[in-house]
Amino acid sequence: ILHNFIPSYESSVTNNLWSQGAFLLGKLNCDEFAMGSSNETSFFGNVTNPYGDKIVPGGSSGGSASALAADLTPATIGTDTGGSIRQPASFTGTVGLKPTYGRCSRWGIVAFASSLDQAGPMTNNVEDCALLLESMSGHDSKDSTSAEIKVGNYTSKLTDKIKGLKIGIPSEYRVDNMPSEIDNLWKKGIDYLKDAGAIIKNISLPHTMYALPAYYIVAPAEASSNLARYDGVKYGHRARGKNLIEMYENTRGEGFGDEVKRRVLIGTYVLSAGFYDAYYIRAQKVRTLIQKDFSRVFASGIDALLTPTAPTPAFKLDDELRKDPIEMYLNDVFTVTVNLAGLPAISVPGGISENGLPLGLQLIGRPWDEGELLNIADILEKETVSCGKPVRWW
């Protein structure tokens, strides 16, 4: 619906980067309106993971992750609404950071779900991730959700020292039917941090089981509202119609892809009269409980949490098992809690799957404490098995 739209503005995040000397090499593909976990919903066609022909790179920031993995760029950026930076980073053996909500301005970014969206850096190593975050973040008066909190010198926080830090291992992230290679990866990550001097603590986040259904109510509801502006009147695609209403209907019917239509329908349904209280308000109450779970854990002295990033390695394009949208949504099971709680989280390469594909480990940090999060991630990155360079299938 925006294929012929050329913006007359520059986003605050990219403007920060250009003003500090970064160069724009080009624009990268992503799932349509960031709605997808495999980059197969893009209007322009799917992105392929450099680790293999017909392998997805994850989504929605799959183009960014693939460009990194293929050495087309040393650094790039993405947006993360429910894991769209971290999951593709896991699938491509790269590093992806979702900052605390409000750390990076959302002004100029096409909105999916305004209370969840957050821009973040994607790089080949943690040090570059820290450097990029320093440049792209900061308060922006044009964004009412942008926090007036000083940007840290994140590269100086990479001290190689985590002795005595308490790392929480949430029991609720051991989901049913989790592949043994993901469980083994998690155990190795725990051992790496323990060897580096961290103190490992088993913790509980009791409302985690409600995170995915709550997310898939809140996010489509906000998407339904945000995407109402695309009607063919002011900009973007416009279809013909006998009258104004028919023009709206035809424009949105032709302009939006199937996944976008599906989420708009879900969002409109949960916001409609008679269902608003039963679904949307209840999901927001669950979101508050999830936030309180994290607050309680951090108040107990936990410095960060360690989990897998994704429940599987990258899967094949047109995977029959994932043609059911619900199956695809389950790929976000380890990442959506962070967005609902507004916390920072990072995915770093953790190892190789049985099929030779990258696997990622996720660290979740305290709000506004990206410096410590990056320091722990830097240690983990140095300890874990290197994923090496991708074998370019082409």
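At 47% relative accessibility, Leu244 counts as partly exposed, a class that lies between buried (under 20% relative accessible area) and exposed (over 50%), with a 1.4 Å probe and protein chains only. Leu244 is found in helix H7, residues 244-255. Helices (H or I, at least four residues) and strands (E, at least two) are DSSP runs, numbered from the N terminus. Leu244 and Arg287 are 43 residues apart along the chain, and their C-alpha atoms are separated by 38 Å. The model is predicted: local features need pLDDT of at least 70, side-chain atom pairs count only at pLDDT 80 or more, and totals for chains, interfaces and linings use all residues. Residues are numbered from 1 along each chain as its sequence is written, and side-chain values use heavy atoms, with hydrogens and water left out.

Helix H2 spans residues 62-69; eight of its eight residues are buried, so H2 is largely enclosed by the rest of the structure. The buried residues are Gly62, Gly63, Ser64, Ala65, Ser66, Ala67, Leu68 and Ala69. They pack against strand S1 (75-80), helix H3 (86-92) and strand S3 (118-123), where contact means heavy atoms within 4.5 Å. After H2 comes Asp71, with a positive phi near 60 degrees.

The loop between helix H1 (12-19) and H2 contains Ser60. A cis peptide bond, with omega about 5 degrees, joins Gly59 and Ser60. Ala34 is also placed in the loop between H1 and H2. Its phi is near 65 degrees, a positive value in a residue other than glycine. Ala34 counts as buried, at 12% relative accessibility. Another positive phi, near 70 degrees, belongs to Trp368. Trp368 lies in the loop between strand S8 (358-365) and H12. At 32% relative accessibility, Trp368 is partly exposed. Most residues other than glycine have a negative phi, and most peptide bonds are trans.

Helix H3 holds Gln87. Gln87 is buried, with a relative accessible area of 1%. Its contacts, leaving aside neighbours within four places in sequence, are Ser37, Gly58, Gly59, Thr309, Ala310 and Asn331. Ile182, in helix H5, is buried, with a relative accessible area of 1%. With neighbours within four places in sequence left aside, Ile182 is in contact with Pro308, Ala310, Pro311, Thr312 and Leu359. Ile182 and Leu205 are 23 residues apart in sequence, and their C-alpha atoms are 20 Å apart in space.

Helix H12 (residues 370-383) packs with H5 (residues 180-195) at an angle of about 110 degrees, and the axes are 10 Å apart. Axes are lines fitted to C-alpha atoms, for helices over the stretch in contact, and angles run from 0 to 180 degrees between N-to-C directions. H5 and H12 are therefore roughly perpendicular. Angles of 65 to 115 degrees count as roughly perpendicular, under 35 as roughly parallel, over 145 as roughly antiparallel and the rest as oblique. The crossing of H5 and H12 is right-handed: in such a crossing the near helix is turned clockwise from the far one by less than a right angle. Gly189, Tyr192 and Leu193 in H5 meet Ile376, Leu380 and Glu383 in H12. These contact residues divide into four nonpolar, one polar and one charged. Ala, Val, Leu, Ile, Met, Phe, Trp, Tyr, Cys and Pro count as nonpolar, Asp, Glu, Lys and Arg as charged, and the others, Gly among them, as polar.

H12 also meets helix H4 (residues 126-136); their axes come within 9 Å and cross at roughly 160 degrees. H4 and H12 are therefore roughly antiparallel to each other. Their crossing is right-handed. From H4, Val126, Cys129, Ala130 and Leu133 meet Glu370, Leu374, Ala377, Asp378 and Glu381 in H12. The contact of H4 with H12 has six nonpolar, no polar and three charged residues.

The structure holds 14 aromatic pairs. Rings of Phe, Tyr and Trp (its six-membered ring) pair if their centres lie within 6.5 Å; planes under 30 degrees apart count as stacked, over 60 as edge-to-face and the rest as tilted. The rings of Tyr173 and Phe334 have centres 5.8 Å apart and planes at 15 degrees, so the pair is stacked. This pair links distant parts of the chain, 161 residues apart. Tyr173 is in the loop between strand S4 (166-170) and H5, and Phe334 in the loop between helix H10 (325-329) and helix H11 (336-341). Both Tyr173 and Phe334 are buried. Phe5, Phe33, Tyr230, Tyr235 and Phe256 form one aromatic cluster.
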